[in-house]
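Hi,

Here is the structure I promised to pass on.

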Amino acid sequence: MDYELPSEFDLIVVGTGMIESIVAAAASRIGKRVLHIDSNNYYGGLWASFNLDSISNILNSASNIETNLEVKQFLTENEKIYQFGNDAFHMHTHSQIWHIPEKANEQTETEQSDLPTECIQKEEESWTQEKLLKNSRKFNIDIAPKLHFARGDFVELLISSNIARYSEFRSVSRVLTWLNGQLEVVPCSRSDVFSSTKVSVIEKRMLMKLLTSCVDGDEKEFVGYENKTFRTYLKDRKLTDNLIHYVLYAIAMATDTTPCLEGVENTKRFLSSLGRFGKTPFLYSMYGSGEITQAFCRLSAVFGGVYALSQPLNGLIFNNENKFKSLLCGQQRISAEHLVMGIEKLPKEFVNFTATQFISRAVFVIDRSIMASEKENLTLLLFPPEDGKNPCTMIEVGPLTGTCPKDTYIVHMFTKQTTNPEEDFKHCVERLFGNSKNESETGEKENLLPNVLWSFYYTVPNTVNLDLKNGIPKNIFVCPGPDLDLDYDPAIAQAKAIFNEIYPDLEFLPRAPDPEEIIIEGEDNNNIVTEGENLTDQPIDEATEAVADLQIETSNDHGEGSSGIEQGEAE
Amino acid sequence: MAKTYDYLFKLLLIGDSGVGKTCVLFRFSEDAFNTTFISTIGIDFKIRTIDLDGKKIKLQIWDTAGQERFRTITTAYYRGAMGIMLVYDITNEKSFENIKNWIRNIEENASSDVEKMLLGNKCELEEKRQVSKERGEQLAVEYGIKFIETSAKASIRVEEAFFTLARDIKAKMEKKLVSHVYNDCF
Ligand SMILES: Nc1nc2c(ncn2[C@@H]2O[C@H](COP(=O)(O)OP(=O)(O)O)[C@@H](O)[C@H]2O)c(=O)[nH]1
Ligand SMILES: [Mg+2]
């Protein structure tokens, strides 16, 4: 390395996960000297996205701790040193499997050479490992996929802090559920409800009435339901079974035992984000959710945060009062007043809590959409609970999101773990994918279920509700890993809480000035742009608000290199 | 809201720390050379709209925000970039040698058809020169890209560099548009 890191900071952040990155950005933003450091050679930690090559390497990512280093020599009297990292809070891989041959077999290859080009093209349609790996770079596979509520805490924070300029989004084009043995589109906007052929006229009126009363939040509406389930409330409102299914399992993302008021809150969260961008309440980050952590890191760097990845983090140094003093990076001691770190980096000596809840996760690369249609969709599928299985959340992304190559899709699944990921998703996989079934079928191509080309099952501990202060030195703040929320709400809340504890009374991510607003002599950045936003009284409204502050990618042709070309209007 | 430009190009600056990227950006966008501001305010990107053959081209030029120092440029930095200025310092041999590492980095992260250009900056410091102009030219030829020596301080050829890059992107883009139209017709 040509440059040496400075030896003193106000704050050191170890690990580049979501919460760590938000705290780093917020501290730099108010002028604190921040070192953001990671032993990984990539951004994002447990929240990262990977290409196809690199995701297979996270399984055996060797740490670059210098085990032979005589660390004692860097300590003064009465100091202690602890090594980074623990095994308790990492992701755990169950399987990563190819479902296609390694190469096209030779017989086919020799045959091909005699054939006219059209036939070769046809032959090429079938995927091989070799061919997918050739496209490795076109993949951005999230290990903690997220969607964003158009009016949720995350989108509002991006806009208010002006971090939105570092990321681009696409809106989710449909919300699906599994109903009566097949995939169904959940009517979520007003026009969806009215144009739906699956919902009768009477049902339409019922549904609109119910959704309106949920959002208007008339106190009296829910009197007596404090200890009852949301399902009971919906039943009492005389909703038909299909409508209950849509509202309970899809719109409220609830289960049969979800308390009424929680169900109402969830319904509000969904409905209040409708009508801002596109047809559903949700957005997805272009090039994967891992880009989001990087957007916060960029802001931190712009405000002076020092960034260093792939660092040999050799230990944490404490004084005799168990106060964090410095970190040992290679052979350099770097000191700071405070330390923020991801839970997976925590020294074993400080692990005084155990995860009791786990998240089952799976990723599938497939060869066509789970519900193909003329144009490419970005899909949220809420698979309802059944037979002792928890509800499963699935996100299907296609090439237009910049996360997979042409003619492939990625399906992400996650759920609260009951046994293990394979078991927890078995019923979904059997119904949605067709690896075995297609062979016997000779039906129309459209009816074919997608084939799984590659699958990855893993478990992540859910650490968001642990008491991460228990036994931790006062000037250290531990960030939990990814949680089950569809959006980043809990992550933002955690980051804000940590920030407020370290820097009480200081503003959390005030709006960063636009480059045009930066005047070299004397700053003038009180030029806060408030958004002309008005929440409509109508819960369901499809009018799309043009919010210039968020970049929404809408093109249907995301050819390489063509992105970003914006053509102005002729005068 | 009518746009005041015909095209928007996103450009990046890449190269070792200290070669003068931020200064080059300031020379082009503000026609200024000021070394005091750099450490105080983070420079995100700068905008300048130029005229090229009757078209208004808005150049949005992004700086590394110091993340190049420990090779921690985010993958997000490269998204949507249409042109990249690779900058080295003619008085610093190492910064020249590192250009090939930066090119590898670009190949891994940027779009494959991104337009690149090589800049040898601080060219007014002739007495301290470590990298001859010929070696710069030679390297550019190897990668099939254009090369210019500039000085942000003495304001030498910075304009020319950005105009050249913008013109090449525009040409490439228009060629693409034509071929699209062609494909659509036949
Ligand atoms: N002599 C000379 N110095 C320059 C020139 N451009 C930049 N510098 C100096 O080089 C140093 C680094 O410049 P900076 O723009 O911060 O480099 P960056 O790290 O690549 O952004 C500063 O001290 C500048 O004053 C130039 O053209 N000539
Ligand atoms: Mg700079």
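Leaving aside its neighbours within four places in sequence, which residues is Ile50(B) in contact with? They are Phe28(B), Lys55(B), Lys56(B), Ile57(B), Leu59(B), Phe163(B) and Ala166(B), where contact means heavy atoms within 4.5 Å.

Before the rest, the ground rules. This is a predicted model, in which local features need pLDDT of at least 70 and side-chain atom pairs count only at pLDDT 80 or more, while totals for chains, interfaces and linings use all residues. Residues are numbered from 1 along each chain as its sequence is written, chains are lettered from A and ligands numbered from 1 in the order in which they are written, and side-chain values use heavy atoms, with hydrogens and water left out.

Back to Ile50(B), then. Its place is in strand β2 of chain B, residues 45–52; strands here are DSSP runs of E with at least two residues, helices are runs of H or I with at least four, and both are numbered from the N terminus. Ile50(B) is buried, at a relative accessible area of 3%. For that label, buried means under 20% relative accessible area, exposed over 50%, and partly exposed in between, with a 1.4 Å probe and protein chains only. One spacing I noted: Ile50(B) and Ile103(B) are 53 residues apart in sequence, and their C-alpha atoms are 27 Å apart in space.

Now chain B as a whole. It has 6 helices and 6 strands, and along the sequence they run β-α-α-β-β-β-α-α-β-α-β-α. The radius of gyration of chain B is 17 Å, close to the 16 Å that the globule rule gives for 186 residues, so the chain is as compact as a globular protein of that length. (The radius is taken over C-alpha atoms, and the rule is 2.2 Å times the number of residues to the power 0.38.) Along the principal axes, the C-alpha atoms fill a box of roughly 55 × 40 × 30 Å.

Of the 186 residues in chain B, 55% count as buried. If you take the contacts between residues at least 6 apart in sequence, 73% of them join residues at least 24 apart. The accessible surface of chain B is about 8300 Å², and 50% of that belongs to carbon and sulfur atoms; areas come from the Shrake-Rupley method with a 1.4 Å probe, and for residues only the protein chains shown count as cover. Chain B also carries 29 positive and 28 negative charges, whose mean positions are 3 Å apart. Lys and Arg count as positive and Asp and Glu as negative, without His or the chain ends, and each charge is placed at NZ of Lys, CZ of Arg, CG of Asp or CD of Glu.

Arg27(B) is worth a look on your screen. It sits in helix α1 of chain B (residues 21–30) and is buried, with a relative accessible area of 11%. A polar atom of the Arg27(B) side chain lies 2.7 Å from the backbone oxygen of Ala152(B). Beyond four places in sequence, the contacts of Arg27(B) include Phe33(B), Lys153(B) and Val158(B).

On to chain A, which has 15 helices and 23 strands. Of its 571 residues, 54% count as buried, and among contacts between residues at least 6 apart in sequence, 76% join residues at least 24 apart. Chain A exposes about 25400 Å², with carbon and sulfur atoms supplying 47%.

Val14(A) lies in strand β1 (residues 8–14) and is buried at 0% relative accessibility. Leu346(A) is 332 residues away from Val14(A) in sequence, yet the two are 9.4 Å apart from C-alpha to C-alpha. Not counting residues up to four places away, Val14(A) touches Ile37(A), Phe84(A) and Met341(A), among others.

Asp489(A) is in helix α15 (residues 489–502) and counts as buried at 17%. Its side chain makes a polar contact of 3.1 Å with the side chain of Arg269(A). (A polar contact is a pair of N or O atoms within 3.5 Å; within protein, one must be able to donate a hydrogen and the other to accept it, and residues adjacent in sequence count only if both atoms are side-chain atoms.)

Asn162(A) is not a glycine but has a positive phi of about 70°; it is in the loop between α6 (153–161) and β8 (168–171). Tyr287(A), in the loop between β11 (282–285) and α12 (290–302), has a positive phi near 65°.

Cheers
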